[in-house]
Amino acid sequence: MTRRLGCSGLLAALALSLLATSAQATDEVRCHVSYGGETRLLRANAVSSSYEVAPVSIGSYFLFRIVFERPPAQSASVKLYTYADRDDAAVPIHVAEFPLPLASGGRFGFTGMQRVYEPVRDGELEYWCEFGKKRAAQ
């Protein structure tokens with residue numbers, strides 16, 4: 001059965017299409033984090049408060065946290081935190097901040113290749129991050 005859409009039907013269809021497109025085109029930060037021979041892709045969406053973001057465990061020693069604060073947040077930026085996951089508490093050992101708008105980036109995104117070292121066990125965590133549109137099917 002074929003159905004014709006009137007002008008209001010076309011506008012409604014167009015509005016739904018635009019909503020779907022804008023929902024699919026949300027900005028995100030993607031960080032490629034390598035440790036102990038394993039590389040993981042961590043993603044972060046924009047948040048209004050850094051307190052909304054929990055760190056992710058990387059191996060048995062590191063925690064990594066991506067805070068992507070969009071305007072109108074007071075400090076619209078991407079902040080990357082690396083912590084040592086100690087028995088008594090997480091201790092920050094590296095913090096990097098990139099104000100918005102982000103640089104376009106080269107081979108290793110807007111951060112370049114970064115390395116953080118364990119002070120006790122001599123391990124190395126590497127990461128680099130890129131900025132882009134969130135893909136629909138992930």
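Let me start with a term: two strands count as paired when DSSP finds at least two bridges between them. Hold on to that, please, as we go through the sheet. And one thing to keep in mind, everyone: what you see above is a predicted model.

Strands β3 and β4 run antiparallel, and three bridges join them. Strand β4 covers residues 62-69. If you'd like to find the spot on the structure, look for S57, which stands opposite L63 in β4.

Now let's step back to the whole protein. There is one helix, along with eight strands. Starting at the N terminus, the order of elements is α-β-β-β-β-β-β-β-β. Of the 138 residues in the protein, 34% are buried. The accessible surface is about 8800 Å², and carbon and sulfur atoms account for 53% of that. As for contacts between residues at least 6 apart in sequence, 41% of them join residues at least 24 apart.

Back to the sheet. In what order do its four strands come? The order is β3-β4-β5-β6, in an open sheet with antiparallel pairing. At the edges sit β3, residues 56-58, and β6, each pairing on one side only. From one strand to the next, the twist averages 25°.

Let's walk over to the β6 side. Strands β5 and β6 make a hairpin, with four residues between them. These two strands run antiparallel and are joined by nine bridges. As a landmark here, A84 stands opposite V91 in β6.

While we're in β5, which covers residues 77-85, have a look at K79. Is this lysine buried or exposed? K79 has a relative accessible area of 13%, so K79 is buried, the cut-off being under 20%. What does the side chain of K79 make a polar contact with? Its partner is the side chain of E69, at 3.4 Å. Leaving out residues up to four places away in sequence, K79 touches R65, I66, V67, E69, A96 and E97.

Next, the cysteines. How many disulfides does a search of the whole structure find? The search finds one. That disulfide is formed by C31 and C129, with the sulfur atoms 2.1 Å apart. The two cysteines come from distant parts of the chain: C31 is in strand β1, residues 27-35, while C129 is in strand β8, residues 124-133, and they are 98 residues apart. The torsion about their S-S bond is about 110°, so this disulfide is right-handed. Both C31 and C129 are buried, too.

Where does F110 lie? You'll find F110 in the loop between β6, residues 90-99, and β7, residues 114-117. Although in a loop, F110 counts as buried because its relative accessibility is 10%. F110 and C129 are 19 residues apart in sequence, and their C-alpha atoms are 6.2 Å apart in space. Setting aside neighbours within four places in sequence, the residues in contact with F110 include C129 itself, E130 and F131. Also among the contacts of F110 are V29, V78 and F98, as well as L102, A103 and G105.

Conventions: Residues are numbered from 1 along each chain as its sequence is written. This is a predicted model: local features need pLDDT of at least 70, side-chain atom pairs count only at pLDDT 80 or more; totals for chains, interfaces and linings use all residues. Side-chain values use heavy atoms; hydrogens and water are left out. Buried means under 20% relative accessible area, exposed over 50%, partly exposed in between (1.4 Å probe, protein chains only). Contact means heavy atoms within 4.5 Å. A disulfide is a pair of cysteine sulfur atoms within 2.5 Å. Accessible areas come from the Shrake-Rupley method with a 1.4 Å probe; for residues, only the protein chains shown count as cover. Axes are lines fitted to C-alpha atoms, for helices over the stretch in contact, and angles run from 0 to 180 degrees between N-to-C directions. A polar contact is a pair of N or O atoms within 3.5 Å; within protein, one must be able to donate a hydrogen and the other to accept it, and residues adjacent in sequence count only if both atoms are side-chain atoms.
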